[in-house]
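Subject: Structure handover

Hello,

Please find the structure below, followed by notes on what was found in it.

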Amino acid sequence: MRLGVNLPQTNKYDLARDVTEFAKAAEEIGYDSLWAYERILAPVDSSGPHGLYGVPDLPWPDSYSHTTDALVTLTLAAAVTSRAELGTGVLVPGLHLPFRLARSLAALDAASGGRVIAGLGSGWSIDEFAATAPRPIAERGAALDEFLDVAAAAWGPDPVTFANERYRVAPSHVNPKPARRVPIFLAGGNRTALSRIVRRADGWLPTAIPPRQVGEVLAGLRAQAAEEGRDPASISCIFQLGVRDLDEVPSAGRRPYTGNAAQIAEDLVALAEAGVDHAYVTLTSVADDLDGLITVARRLHKEARAAGV
């Protein structure tokens with residue numbers, strides 16, 4: 001299994017230096033990928049539909065009130081690394097003009113020598129959509145599909161042409177091109193999202209789901225792919241494993257993704273057995289500064305490899 005780690009993006013860290021220092025350290029430790037998430041604002045009012053994940057009245061975490069731009073963060077990491085892949089986990093295309101986002105991802109991939117993984121989602125925040133999105137949140141699925149259409153054209157051979165009811169690209173040279181075909185991984189777990197993965201993506205990007213359920217859904221995706229004439233083995237899975245602390249918990253009745261580094265490593269083994277071939281851990285909330293973050297990243301990587309991940 002390939003193993004990745006999230007980059008620091010909140011004001012708990014010294015962002016003038018910690019992104020690059022951690023990226024270098026993580027690659028040295030042996031991590032295979034570096035990740036950044038997108039959060040463009042955090043509303044003061046989380047009542048009703050403004051709640052976290054769209055859950056009424058659910059407060060947003062304080063960390064979301066200061067989040068660096070995902071692509072800027074990954075660009076900083078790209079400049080000081082040479083091997084680790086660079087993933088967005090996740091980027092919401094509906095918050096962007098699709099052609100410009102496609103060009104930004106292509107430029108990052110070209111500059112990094114073909115290391116970008118585009119982890120994408122349809123989004124859930126009505127406040128973020130109201131602030132910047134070209135389409136309303138009710139059309140977030142259509143916006144994601146539109147981006148995939150635009151990106152396929154922009155990343156393809158010149159001259160690029162594209163036209164729909166909203167955008168038109170006359171025959172044009174659009175460069176730089178990605179250094180490789182950018183792999184697309186889509187988040188989401190409802191029927192529409194899973195169907196889109198089979199039709200349009202390289203794989204699934206889930207989080208917070210027990211390993212057994214991950215395996216069941218992944219098997220379903222591959223079966224659907226086979227029914228539609230696609231090689232089921234072409235459907236991959238990258239799992240986002242959120243770590244809140246690394247305190248040991250009793251083994252009996254332990255919930256997945258809780259406990260110390262050795263227990264988290266057990267979960268990674270279970271995910272691998274379920275068919276996951278790439279996972280990344282979010283550790284930034286566990287540490288208080290760069291030194292602490294590097295320490296826990298090293299500890300977890302060591303335990304994971306010792307467990308056979």
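Two strands pair if DSSP finds at least two bridges between them. Helices (H or I, at least four residues) and strands (E, at least two) are DSSP runs, and both are numbered from the N terminus.

This is a predicted model, in which local features need pLDDT of at least 70 and side-chain atom pairs count only at pLDDT 80 or more, while totals for chains, interfaces and linings use all residues. Residues are numbered from 1 along each chain as its sequence is written, and side-chain values use heavy atoms, with hydrogens and water left out.

The barrel

Strands of a sheet pair through backbone hydrogen bonds, either parallel or antiparallel. Here 8 strands form a closed barrel with parallel pairing, in the order β1-β2-β3-β4-β7-β8-β9-β10. L34 stands opposite L86 in β3.

A cis peptide bond joins N175 and P176, with omega about 5 degrees. A208 is in the loop between β8 (203-204) and α7 (211-227), and phi of A208 is also positive, near 60 degrees. As background, most residues other than glycine have a negative phi, and most peptide bonds are trans.

Helix packing

Two packed helices are described by the angle between their axes and the distance between the axes. Axes are lines fitted to C-alpha atoms, for helices over the stretch in contact, and angles run from 0 to 180 degrees between N-to-C directions. Angles under 35 degrees count as roughly parallel, over 145 as roughly antiparallel, 65 to 115 as roughly perpendicular and the rest as oblique.

Helix α2 (residues 70-80) packs on α3 (residues 98-111) at about 15 degrees, with axes 11 Å apart, so α2 and α3 are roughly parallel to each other. For α8 (residues 261-273) and α9 (residues 290-306) the angle is about 50 degrees and the axes are 8 Å apart; α8 and α9 are therefore oblique to each other.

A crossing is left-handed if the near helix is turned anticlockwise from the far one by less than a right angle, and right-handed if clockwise. By that rule α2 passes α3 in a left-handed crossing, whereas α8 passes α9 in a right-handed one.

Cavity and pocket

On a 1 Å grid over the protein atoms alone, a cavity is a set of points where a 1.4 Å probe fits but cannot get out; a pocket is an open set with protein on both sides within 12 Å along at least five of seven lines, and lining residues have an atom within 4 Å of a point. Grid points are joined across faces, edges and corners, and a volume is the space filled by probe spheres set on the points.

The structure holds 1 cavity of 30 Å³ or more, and the largest cavity has a volume of about 50 Å³. Its lining includes P93, H96, R135 and Y167. The lining residues divide into 5 nonpolar, 2 polar and 2 charged (Ala, Val, Leu, Ile, Met, Phe, Trp, Tyr, Cys and Pro count as nonpolar, Asp, Glu, Lys and Arg as charged, and the others, Gly among them, as polar).

The second largest pocket contains about 250 Å³ of space. Helix α5 (residues 140-154) gives the most to the lining of this pocket, with 4 residues. Among the lining residues are W155, R180, I184 and D202. The lining of the second largest pocket has 8 nonpolar residues, no polar ones and 4 charged.

Regards
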